[in-house]
Amino acid sequence: LNPQTLIGKWAYEHQNPKYWLERHALISKESCEAIRTGYRDTSAGVMIFALCTWFQNLYDVNTIAPYPTLNAVAQAWEPVMVSAQLMGRHFYAGSSHTVNAVVVNDSPTCETLEDITVDWDIVYNDRVLSSGKKNFSGALEYYKNKAEKLTLVMPETLPDSKVEARLVLKLSANGRVISTNSYDICVCEKAFVQVKSGWLTGLQKTLRMKSALNVGYFTQDNALKPVLAKLGVKTVMEDSLGNLSPKKYDVLLVDNLTSEPANYKKILEYAEAGGQVLLSMNREFVLNLFPEELRGSTTLSKEIVTPCAYEKSIFDGIEPDELSWFTGTETSKDSIKPKYNPIACERAYNVNYNDHTALLAETMRIHGYVFKEKEKPYNPGNTFDEVFGYPLLEISKGKGRIIVSSMYFQTPDDPIAHRLLANVLGYLAE
């Protein structure tokens with residue numbers, strides 16, 4: 001199941017193979033970079049697993065051809081290599097991001113590198129959208145690394161509201177260009193995350209009116225306030241769940257609970273009467289509302305989420321492989337390893353499958369058969385619920401619907417996370 005942990009159902013034969021091939025290339029390349037930049041003292045002589053998966057038709061001399069992994073790993077395995085530790089891959093136009101840049105010197109001639117510079121370009125369709133230069137301090141001796149901060153500035157304007165661009169790094173030293181490296185990134189304008197007008201009534205569409213989505217907002221930790229401002233929705237703060245009426249809001253958003261609130265079960269009555277609800281980041285408290293639909297949750301898988309119901313409008317404008325490693329989440333308390341691991345969700349729910357529960361997105365722990373606890377370092381007998389679940393699902397209640405989400409919408413820097421939130425609100429309000 002390891003391919004499914006990396007790209008979900010897009011690992012299977014009937015899907016477009018580009019998603020698996022690109023994810024496989026990314027994972028292989030950046031595993032190499034992590035070894036070379038983070039384990040200098042212990043990684044000499046490492047060989048990479050597994051060359052046989054980098055080629056199509058490996059055993060046919062007439063048709064053998066490289067998969068994208070070969071070129072990706074070739075960049076990461078250049079003797080002198082520069083790496084940008086990007087964490088997330090989704091950025092807003094005009095934003096700046098300071099990351100670690102690491103130069104690795106395994107020069108075949110054992111030379112010391114002097115006057116090190118790194119030129120960076122954001123490239124789209126062979127057009128440079130923004131660029132810059134970083135001068136490293138001092139020299140770098142053979143068989144050593146040097147890490148310094150590199151500030152990347154995304155382009156102010158884009159050819160489209162969302163572009164799949166490339167960050168290209170060029171390393172120069174000793175008066176010549178020595179190596180290059182590159183990373184696929186996504187850059188979006190602020191307009192990309194605006195709630196779409198599909199929920200407007202027929203009369204409003206006819207009159208071309210642009211009325212803001214009316215969202216009732218109950219929270220105990222106002223983490224989504226700056227994000228909701230970006231979406232262009234009208235929010236009305238609710239201080240109680242006790243006096244809700246189904247016609248009051250287009251969508252009721254209950255977000256970031258730190259304790260189970262009074263009148264929590266009123267949400268069910270609100271939905272049954274026709275209300276549309278988004279329960280966002282309410283952690284284990286959601287289980288108390290849905291004892292028949294949900295049997296538990298797992299926090300062991302957080303990095304990669306993939307759609308189950310990709311045909312639904314909640315995924316409009318989002319590629320199947322983009323619900324992963326949200327920008328800015330590596331600093332959250334929910335990160336697997338704070339400061340290092342960006343995530344996409346806080347937990348995933350274990351579902352009792354039934355006709356009124358729709359599965360929207362799934363996640364599975366990478367190498368889930370391995371546990372790091374000393375008492376069971378290898379345990380292929382882990383239950384499936386410990387390593388797999390759904391961070392996004394829809395439950396029908398009476399005349400209304402409730403979407404349960406543990407997606408990390410609250411990160412301030414990721415346009416894909418914010419577009420997903422906008423899509424979910426628009427979907428519920430339709």
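**Close-up views of a predicted model**

**View 1. Met-154 and its neighbours.** Leaving aside residues up to four places away in sequence, Met-154 touches Phe-91, Tyr-92, Ala-93, Gly-94, Ser-95, His-97, Ile-122, Ser-130, Ile-185 and Val-187 (contact means heavy atoms within 4.5 Å). This is a predicted model, so local features need pLDDT of at least 70 and side-chain atom pairs count only at pLDDT 80 or more, while totals for chains, interfaces and linings use all residues. Residues are numbered from 1 along each chain as its sequence is written, and side-chain values use heavy atoms, with hydrogens and water left out. Met-154 sits in the loop between strand E8 (144-153) and strand E9 (162-173); helices (H or I, at least four residues) and strands (E, at least two) are DSSP runs, numbered from the N terminus. With a relative accessible area of 2%, Met-154 is buried (buried means under 20% relative accessible area, exposed over 50%, partly exposed in between, with a 1.4 Å probe and protein chains only). Ser-131 is 23 residues from Met-154 along the chain, and their C-alpha atoms are separated by 8.6 Å.

**View 2. Helix H2 against helix H3.** Here H2 (residues 17-38) and H3 (residues 68-76) pack at an angle of about 20°, their axes 8 Å apart. That makes H2 roughly parallel to H3. For the geometry, axes are lines fitted to C-alpha atoms, for helices over the stretch in contact, and angles run from 0 to 180 degrees between N-to-C directions; angles under 35 degrees count as roughly parallel, over 145 as roughly antiparallel, 65 to 115 as roughly perpendicular and the rest as oblique. On the H2 side the contact is made by Leu-21, His-24, Ala-25, Ser-28, Lys-29, Cys-32, Glu-33 and Arg-36, and on the H3 side by Pro-68, Thr-69, Ala-72, Val-73, Gln-75 and Ala-76.

**View 3. The Arg-89 and Glu-30 pair.** These two side chains meet in a salt bridge, at 2.4 Å from N to O (a salt bridge is a side-chain nitrogen of Lys or Arg within 4 Å of a carboxyl oxygen of Asp or Glu). Arg-89 lies in the loop between strand E3 (80-85) and strand E4 (90-92) and Glu-30 in helix H2, so the pair ties together parts that are 59 residues apart in sequence. Arg-89 is buried at 11% relative accessible area, whereas Glu-30, at 23%, counts as partly exposed. The structure holds 21 salt bridges.

View 4. Asp-334 forms a salt bridge with Arg-283, with the closest N and O atoms 3.1 Å apart. Asp-334 is in the loop between strand E16 (306-307) and strand E17 (348-351), and Arg-283 is in the loop between strand E14 (276-280) and helix H7 (286-289), so parts 51 residues apart in sequence get tied together. Both Asp-334 and Arg-283 are buried. Glu-346 also meets Arg-283 in a salt bridge, at 3.2 Å from N to O. That pair spans 63 residues, with Glu-346 in the loop between E16 and E17. Glu-346 is buried too. Salt bridges with shared partners join Arg-283, Glu-284, Lys-333, Asp-334, Glu-346 and Arg-347 into one network.

**View 5. Asn-222 in its loop.** Asn-222 is found between strand E11 (214-219) and helix H5 (225-231). Its relative accessible area is 35%, so Asn-222 is partly exposed. The C-alpha atoms of Asn-222 and Glu-33 are separated by 37 Å, and the two residues are 189 apart along the chain.
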